[in-house]
Amino acid sequence: MNIIGPDALLFGVDDVAACAQYLTDYGLKPVDAGPGGGRFEALDGSAIILAHKDSPLLPPAMPTSSMLRKTIYGVADHATLDAIAGELGRDREVRSLPDGSVESVDDAGFVLGFQITVRRQLDMPAERVNAPGSPGRPVNHFAVDEANPALPRTLSHVVYFVPDAAQAEAFYVNRLGFACTDRLIGAGPFLRPAGTLDHHTLFMIQTPPFMKGIEHFTFHMGGPTDVMHAGTRFVNKGYQSFWGPGRHKMGSNWFWYFNSPLGCHVEYDADMDLHDDSWQAREVPISADASQLFLFEMRDKWAPGGPPPGAAGAAERH
């Protein structure tokens with residue numbers, strides 16, 4: 001099935017205004033947004049959609065604290081939509097919605113939507129690196145541009161907490177044609193739908209049932225410098241860093257996670273591995289070393305000539 005990846009995530013939230021400000025500060029563009037919520041888009045049109053948790057237009061909430069109400073996947077064509085509706089309709093309800101999309105529920109209880117993708121094709125430069133032995137940036141082109149907007153380009157992936165990772169994986173692999181690209185033993189699988197080469201658009205972590213819901217979502221940036229630039233800007237706006245910046249091992253993507261009022265973490269990521277059907281999935285026990293190659297810590301800026309960062313605090317401790 002030619003599923004490309006997530007086009008949008010729909011949230012029912014407590015504080016629409018705080019979430020709208022958060023997503024705008026993160027770098028998404030409000031589209032038809034107002035006091036009741038709205039759409040917040042990346043450069044390619046993929047988006048986060050907000051509504052108040054009591055809106056009658058939302059799918060039912062999970063019996064947990066998760067604010068995610070629906071994951072909407074983009075597909076390549078109507079034939080894929082028809083194939084999905086036929087496959088899922090064998091053993092569960094599939095609703096055809098007025099906008100032409102279809103809606104159902106996966107085996108873990110997450111509401112899913114499928115639509116002809118709204119993603120716009122991007123034609124933008126990406127980060128290039130000068131390195132001995134390899135062509136990089138043109139001569140007299142500099143890499144650091146403080147005016148660079150460093151905006152999210154496309155919705156990358158979503159991560160679920162699920163009570164039965166094996167059952168959840170079987171649904172996406174056997175019913176929707178996803179492939180497992182890698183697995184963290186003790187956590188869960190990284191899954192790639194057939195319509196993309198991205199290492200994963202879905203990762204699942206096995207947890208107790210009361211935790212079921214979304215752990216985080218992320219948008220792809222133009223490169224690691226964009227992750228650092230956007231993340232630093234976000235910190236300077238007062239948002240709390242949760243994890244990062246750093247670089248994952250499985251997927252190789254650079255990352256920086258933040259706390260959010262959407263009841264989940266929100267990440268910037270960049271430079272994810274691409275895989276085709278010839279790739280053989282790796283299996284590694286979950287650990288801090290398996291999760292990241294390296295991890296940085298955010299500190300205030302420093303210039304030569306002053307005391308090293310943190311020196312004052314170290315002196316006070318002694």
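## Basis of the description

Helices (H or I, at least four residues) and strands (E, at least two) are DSSP runs, numbered from the N terminus. This is a predicted model, in which local features need pLDDT of at least 70 and side-chain atom pairs count only at pLDDT 80 or more, while totals for chains, interfaces and linings use all residues. Residues are numbered from 1 along each chain as its sequence is written, and side-chain values use heavy atoms, with hydrogens and water left out.

## The sheet of 8 strands

Eight strands form an open sheet in the order S2-S3-S4-S1-S5-S8-S7-S6, and the pairing is mixed; two strands pair if DSSP finds at least two bridges between them. Strand S2 (29–34) and strand S6 (95–96) are the edge strands, each pairing on one side only. Within the sheet, strand S1 (residues 3–13) runs parallel to strand S4 (residues 47–52), with 6 bridges between them. Val13 stands opposite His52 in S4.

Helix H1 (residues 16–26) packs on this sheet and touches S1, S2, strand S3 (37–41) and S4; contact means heavy atoms within 4.5 Å. The direction of H1 makes about 165 degrees with that of S4. Such angles run from 0 to 180 degrees between N-to-C directions, the axes being lines fitted to C-alpha atoms, for helices over the stretch in contact. Helix H2 (residues 78–88) lies across S1, strand S5 (68–75), strand S7 (102–105) and strand S8 (111–116), at about 155 degrees to S8.

## The sheet of 10 strands

A further open sheet has 10 strands in the order S17-S10-S11-S12-S9-S13-S16-S15-S14-S18, again with mixed pairing. Its edge strands, each pairing on one side only, are strand S17 (282–285) and strand S18 (292–295). On average, neighbouring strands of this sheet are turned by 20 degrees against each other, direction ignored.

Strand S9 (residues 154–162) pairs with strand S12 (residues 202–206) in the parallel sense over 5 bridges. Val158 has Leu202 in S12 as its bridge partner. Helix H3 packs on the sheet, touching S9, strand S10 (179–185), strand S11 (188–192) and S12, and its direction makes about 160 degrees with that of S12.

## Salt bridges

The count comes to 16 salt bridges, a salt bridge being a side-chain nitrogen of Lys or Arg within 4 Å of a carboxyl oxygen of Asp or Glu. In one of them, the closest N and O atoms of Glu103 and Lys70 are 2.7 Å apart. Glu103 lies in strand S7 and Lys70 in strand S5, so the pair ties together parts that are 33 residues apart in sequence. Glu103 is buried at 11% relative accessible area, and Lys70 is buried at 7%; buried means under 20%, exposed over 50% and partly exposed in between (1.4 Å probe, protein chains only).

Arg175 and Glu87 meet in a salt bridge of 2.3 Å, N to O. Because Arg175 lies in helix H3 (residues 165–176) and Glu87 in helix H2, this pair ties together parts 88 residues apart in sequence. Arg175 also forms a salt bridge with Asp91, at 2.8 Å between the closest N and O atoms. Asp91 lies in the loop between H2 and S6, so this pair ties together parts 84 residues apart in sequence. Arg175 is buried, with a relative accessible area of 12%, whereas Asp91 is partly exposed at 48%. A network of salt bridges links Glu87, Arg90, Asp91, Arg92, Asp107 and Arg175.
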